[in-house]
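Hi,

Here is the structure I promised to hand over. Have a look at it first, and my notes follow below.

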Amino acid sequence: MHKTTLKTLGAVAALLLSSSVLAKYPDHAIKMIVPFPPGGVTDTVARPIADAMSHSLGQPVVIENKVGAGGAIGAGEAARAKPDGYTIMLMLSSISILPEADKILGRKPAYEISQFKPIARITADPTVLVVRADSPWKTAKEFVEAARKEAGKINYGSSGIYGSMHVPMAMLENAAGIKLTHVPYTGAGPAVAALLGGQVQAISSGPSSIVQHIKAGKLRALAHWGDKPLATLPDVPSLQSLGYDAKFVQWSGIFVPAGVPDEVIKTLRASAKQVANDPAIQAKVLAAGSPIEYMDAPEFQKYWDADDATLVKAVKAIGKVD
């Protein structure tokens with residue numbers, strides 16, 4: 001048989017095999033990497049979303065919390081995963097912050113954002129400045145004035161250096177001309193626990209991590225980093241309305257390694273859309289503290305590109321942190 005014919009038949013066979021494999025996707029469990037400990041924003045959002053996607057896809061979507069380095073360890077593992085659609089990631093806006101932070105610190109980035117493709121944005125909440133309910137500060141103005149009088153005496157917890165709880169507080173420091181002491185933890189859950197336990201005096205967090213504690217009378221919200229009222233905390237003022245030029249949205253989104261085939265991405269996008277538009281799932285995620293703010297991949301990519309530019313600029317303004 002002619003060599004050209006053999007090559008053609010081989011190519012057709014490979015295409016048919018590839019199509020067959022894709023047609024069966026998914027045929028076993030999918031791992032959803034959450035780069036933070038249980039109890040944080042990503043975790044509280046990921047659990048109802050993963051459960052719903054399991055039903056939608058007909059295969060289990062199993063959460064694996066991979067913690068450390070403000071989310072970089074889990075994100076790095078997801079970036080290096082086999083691009084077959086069986087490893088996905090639910091990550092925060094800090095996906096854009098961490099590579100830039102590594103460069104500032106003179107380290108090789110754990111990943112580059114070019115190693116990911118977006119599937120869908122799930123939530124998008126401004127972070128909220130919270131203190132204990134027995135704190136002496138009733139307003140953000142009082143908090144800022146106290147920090148101004150005693151520079152470095154007020155400490156705050158975060159999910160890690162340059163993470164999505166650190167950057168907004170650094171923005172507030174720059175905007176208000178104050179100095180706070182940063183205490184990094186391994187994730188939002190431990191940072192919230194540290195605030196509840198009195199080890200730190202304040203945190204910036206997405207509503208889903210703290211709204212139940214506010215309702216229970218354990219924490220007090222002073223302000224948020226958005227530009228419009230929050231659905232879950234409508235009476236809390238924005239920092240911008242108080243005269244502080246600080247804005248930060250802690251969004252969550254689903255990502256896959258960049259090499260995942262388009263047909264697999266299409267299946268995951270359809271599942272995410274179905275889940276995000278399900279009123280029952282919307283209610284579950286809202287009950288956890290964050291309304292679903294769904295964006296499909298093309299729109300989300302544009303949003304992410306713009307946010308990435310803003311966050312990289314913010315990290316550069318913060319500079320090197322020891």
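The lining of the largest cavity has five nonpolar, five polar and no charged residues (Ala, Val, Leu, Ile, Met, Phe, Trp, Tyr, Cys and Pro count as nonpolar, Asp, Glu, Lys and Arg as charged, and the others, Gly among them, as polar). Among these lining residues are F36, L92, S159, M165 and Q250. The volume of this cavity is about 40 Å³.

A word on the source: this is a predicted model, where local features need pLDDT of at least 70 and side-chain atom pairs count only at pLDDT 80 or more, while totals for chains, interfaces and linings use all residues. Residues are numbered from 1 along each chain as its sequence is written, and side-chain values use heavy atoms, with hydrogens and water left out.

On terms, a 1 Å grid over the protein atoms alone is used: in a cavity a 1.4 Å probe fits but cannot get out, a pocket is an open set of points with protein on both sides within 12 Å along at least five of seven lines, and lining residues have an atom within 4 Å of a point. Grid points are joined across faces, edges and corners, and a volume is the space filled by probe spheres set on the points.

Now the largest pocket, with about 650 Å³ of space. Of its 29 lining residues, P126, G226, K247, F248 and V249 lie nearest the centre. Its lining has 18 nonpolar, three polar and eight charged residues.

The second largest pocket holds about 230 Å³. Its lining comprises 15 residues, with H166, E173, K179, H182 and V321 the closest to its centre.

Enjoy exploring!
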